[in-house]
Amino acid sequence: MTNFTNEAIEINELPKFEEVQLRGLHSNYLKVMLFNFSLLIILVLGGFATVFVLKKDIFSINVWGSIFVALILLLGLIVFFTKKSFKKIGYAFRSHDAIYKSGLISETTTIIPFNRVQHVALHQGFISRKLGLASVELFTAGGSSSDLKIPGLLLEEAQKIKNLVSQKINPTAERIESEPTAPLSTDSNE
Amino acid sequence: MSKFADFSQPQRQSLPGIVVMFANTLQKSVRAFWPILLIWIVKIETLNKFFVFGGITVAILIIALISYLQYYFFTFHIDDESNEFVIQKGVLNKTRITIQLHKIQQVSINQSLIQRLVGVHKLEIDTAGSDKKEASISAISHDLATILKERLINHSQLDRSEIAETILEENTPTSFIKIGLLSLIKIGFTSNYVKSFALLFLFFTTIMENLQQFSQNEVIDEDKVTSYLDKLPILTSIAIVLGSIVGLVLVVNLVRTVIKYFDFTIQKSKQAIILTYGLISTKNTLLNPNKVQKIKITQNYFQKKFDVTTIEVHQASSDVEKVKEKDKIEVPGCTANERDAILNLLYKKLPTREKLYLPNWRKLAINSFFLLVLPLLISLILVFNTKIITWKEWILYACVFALFSGLLLWFSFKNYKLFVSNDFIIKQNGAWDIENNIVEPYKIQAITTQQFFWQKGTNIGSITLSTAGGTISFSTGNYTEIKNLVNLWLFQVETSEENWM
């Protein structure tokens, strides 16, 4: 540690995370996002519809009209912003870390070095499974705020990524034995 | 006492442990049945004395029997073949807890009041990661506890002959720092005002509520108090009320600090740092410098004049989901020299403040808008519409608020700084209590940068560094500089050979 000097390294010559070309998510994931929002919309619509059928009188016909228009507008806005935010999501894997960027209003970039990953998990939701998608989650020791979840990957791709990360963290897994990284290597097909 | 105690055979706790178990069970029962007990006490005149005391005797006998059985069935031993620490317990439901020795992270020896009275200690074992099972032995003699602790901690790394050596050394640890009563009094007078005030407030409201429930007529005649205060000039009565509140807060603060941290001693042994403190119940904690993730140093203006600081050491959390209280160790009231000595001990060198990063002035502007201008505007509209107070009063209150809030805002902006050197990241913030959070770059777990879309034009952004002991964030800084820092820290983390824990 004492003979470790970093003076010679120019900050500007270091690899820049902000210049990495990010990959977008699979286009099918937009359907998943829209589906999740449409569930919400259906619930709201259903609620209003029940009220409309049971107690039509509490609002005048004009109010009902404007509620209908507002809901349609809301639906349009949600579709518009979902599409926009979908385009904003990007991820990249460098040789030493994973980068994930998202957010329309607040643009957030999370970077996790592979030598800090505790274990990797692969998730598949109901809709995602139907569309052949999966998400990969990287866990660190820094608590839930520093975990990274990359959704909307093709299952094959997600498995490849999981194996890649598992392999990257394997040397560390041997050092810190008994970490739950061990079972992950079982389904690696390399 | 044998220094080479045999733990391979299942053994019981020390015999006085029955008393501890009895006290614990009794306490639990009283806690569970206190409403009934309370009614009995209130209505003791009307009840048959024979049944009441007979019932109490029977209950105590049952509790005593349960305690004895609990003691009888509680055994612990170290399984040398599988390298596991095993606890077996339970009267009807048998429980067997096994802990792999290399998973043990921390072993602490504590003593509560009852345990002190009968001369036994409590040994608690903390394990790592997802394995949430935790074990404790609630009555064990101090000598045995020390040996067991060493065995449990060293087992995975050392063979037995070496253990014996370390035990001999452990038994004579060098006293390193001792926090005197004077420092504790200084800290007690100068910190935690808000916390103590909240405690007092809670205490009094609960007391008043309970008293009013008990008897319909209020015990303290509020009218009397108000009429007494009415007789005095307004300023005097305000002074009396304020003075008594401030006095009470100070006293509570002082008592709390002294009881909690009495005789605070830091000892250094070969393997770890040992902290001992407490007046009524003594706490004994092991601190492993490798596990330290973040250090927070807090000092306010008074404390600076008195030369006392508080240091909080955040260790890697054994339970990732919720950061436990015991992963945060507080060293109250050390002088500047002692602070440097502790930092030296934990980091092997003193953190330096090299390159300085400051927030953009817009941070002050935005905070001022939300915490100064907006509240004033809301109150203005409210007064304009409802006229609950006169304009004169509003101007008076608004001036006081603006002054207070403005000062806080200005100082919290002025103190908001980030210092970066090769080996340390120091973030300073706070208006009155000035905090310095220190993190070593190679202990970073993840980096998050964040920018709102309207901040793109002005090139402003924020950064959050996650460690296993908490996060550090710096907001509204120059985004280009932040991105450069991210690249530097990523480089440091990814090339670091050092184990972060």
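Helices H1(A) and H2(A) lie roughly antiparallel to each other. The model is a predicted one, in which local features need pLDDT of at least 70 and side-chain atom pairs count only at pLDDT 80 or more, while totals for chains, interfaces and linings use all residues. Residues are numbered from 1 along each chain as its sequence is written, chains are lettered from A, and ligands are numbered from 1 in the order in which they are written.

**Chain A**

The angle at which H1(A) packs on H2(A) is about 170°, and their axes are 10 Å apart. Axes are lines fitted to C-alpha atoms, for helices over the stretch in contact, and the angles run from 0 to 180 degrees between N-to-C directions. Angles under 35 degrees are called roughly parallel, over 145 roughly antiparallel, 65 to 115 roughly perpendicular, and the rest oblique.

From H1(A), this contact draws on A:Leu30, A:Met33, A:Leu34, A:Phe37, A:Ile41, A:Val44, A:Leu45, A:Phe48 and A:Phe52, and from H2(A) on A:Trp64, A:Ile67, A:Leu71, A:Leu75, A:Ile78, A:Val79, A:Thr82, A:Lys83 and A:Phe86. Contact here asks that two C-beta atoms, placed from the backbone, lie within 7 Å. Sorted by class, the contact of H1(A) with H2(A) has 16 nonpolar, one polar and one charged residues. Nonpolar covers Ala, Val, Leu, Ile, Met, Phe, Trp, Tyr, Cys and Pro, charged covers Asp, Glu, Lys and Arg, and the others, Gly among them, are polar.

Chain A as a whole has four helices and six strands, running α-α-β-β-β-β-α-β-β-α from the N terminus on. Such elements are DSSP runs numbered from the N terminus: helices are H or I with at least four residues, and strands are E with at least two. Of the contacts in chain A with a separation of 6 or more, 51% join residues 24 or more positions apart. Buried residues make up 25% of the chain's 190 residues.

The loop between H1 (28-54) and H2 (61-88) of chain A holds A:Lys56. The C-alpha atom of A:Lys56 is 41 Å from that of A:Arg129, which is 73 residues away along the chain.

**Chain B**

Chain B has 14 helices and 20 strands. Among its 501 residues, 28% count as buried. For contacts between residues at least 6 apart in sequence, 60% in chain B join residues at least 24 apart.

Buried residues in H2(B) are B:Ser67, B:Gln70 and B:Tyr71, and their cover includes helix H1 (17-42) of chain B.

Further along, helix H12 (residues 361-386) and helix H13 (residues 391-414) of chain B pack at about 165° with axes 10 Å apart. That angle makes H12(B) roughly antiparallel to H13(B). Residues making the contact include B:Leu364, B:Leu371 and B:Val383 of H12(B), together with B:Trp394, B:Gly406 and B:Phe413 of H13(B). The class count for the contact of H12(B) with H13(B) is 10 nonpolar, four polar and one charged residues.

Helix H6 (residues 181-190) and helix H9 (residues 234-261) of chain B, in turn, pack at about 140° with axes 8 Å apart, so H6(B) is oblique to H9(B). On the H6(B) side are B:Leu184, B:Ile185, B:Ile187, B:Gly188 and B:Phe189, which meet B:Leu250, B:Asn253, B:Leu254, B:Thr257, B:Val258 and B:Tyr261 in H9(B). The contact of H6(B) with H9(B) divides into eight nonpolar, three polar and no charged residues.

**Exposure and backbone**

B:Lys348 sits in the loop between helix H11 (336-347) and strand S14 (355-357) of chain B, and its phi is positive, near 70°. B:Thr476 is in strand S20 (residues 470-478) of chain B and also has a positive phi, of about 55°, although it is not a glycine.

| Residue | Other C-beta atoms within 10 Å | Class |
|---|---|---|
| A:Lys56 | 10 C-beta neighbours | exposed |
| B:Lys348 | 11 C-beta atoms | exposed |
| B:Thr476 | 22 C-beta atoms | buried |

Buried stands for 20 or more other C-beta atoms within 10 Å of the residue's own, exposed for 12 or fewer, and partly exposed for values in between, with C-beta atoms placed from the backbone.

**Where the chains meet**

The contact takes 28 residues from chain A and 27 residues from chain B. Strand S3 (residues 106-113) of chain A gives the most to the side of chain A that touches chain B, with eight residues. That side of chain A has 10 nonpolar, 13 polar and five charged residues.
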